[in-house]
Amino acid sequence: MLYPPILTGAVLGGIFAVVAAQRSPVRELRLLALGLVSAAVIYLGLALVNGNARWLALEAAGVAGFGVVAWLGLRISPWLLALGWTAHVFWDVAFHVDQPQTLIGAWYPLGCVGFDLIVAGALLRLSLRGHSAPA
């Protein structure tokens, strides 16, 4: 069943967003950007443990791509960072949901979907409140 992992991820994403919102808008944005890179690094670490060179290369490219989006989100607009978290949902679904997850289980990518969507929503809230990326 898909719902419990997605809901659990959404709750955890909500907690992360609330913790981030307790900081100044600049620090909140930095924490949410660091979270996006960390989400990609987790999959890189799992690929490293798995030892599959193809997956390792794919996840390394993901870290680079999400790292660039996080940096741009910090420099240009929180909208880009929200887009990065939303793109990570597609990453989870496209590359991990139907793949065997021997180290973490099939629940993890589904949990990430819920987490990612809530954090993207928090970034949209931040953007709509008029906060922009620090110069």
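A contact here means heavy atoms within 4.5 Å. This is a predicted model: local features need pLDDT of at least 70, side-chain atom pairs count only at pLDDT 80 or more, and totals for chains, interfaces and linings use all residues. Residues are numbered from 1 along each chain as its sequence is written, and side-chain values use heavy atoms, with hydrogens and water left out.

**View 1. The fold is built from 5 helices and 0 strands.** Starting at the N terminus, the order is α-α-α-α-α (helices are DSSP runs of H or I, at least four residues; strands are runs of E, at least two). Of the contacts with a separation of 6 or more, 74% link residues 24 or more positions apart. The C-alpha trace spans about 40 × 30 × 20 Å along its principal axes.

**View 2. Here's the largest nonpolar core, with 24 residues.** Such a core is a set of buried Ala, Val, Leu, Ile, Met, Phe, Trp, Tyr and Cys residues joined through side-chain atoms within 4.5 Å, where buried means under 20% relative accessible area with a 1.4 Å probe, protein chains only. Among the residues with the most contacts inside this core are Leu 29, Trp 85 and Val 119. Across the whole protein, 41% of the 135 residues are buried.

**View 3. Zooming in on Leu 36 and its contacts.** Leave out residues up to four places away in sequence, and Leu 36 touches Phe 66, Val 69, Ala 70, Leu 81, Gly 84, Trp 85 and His 88.

Terms used:
Buried < 20%, exposed > 50% of the residue type's maximum accessible area, 1.4 Å probe, protein only.
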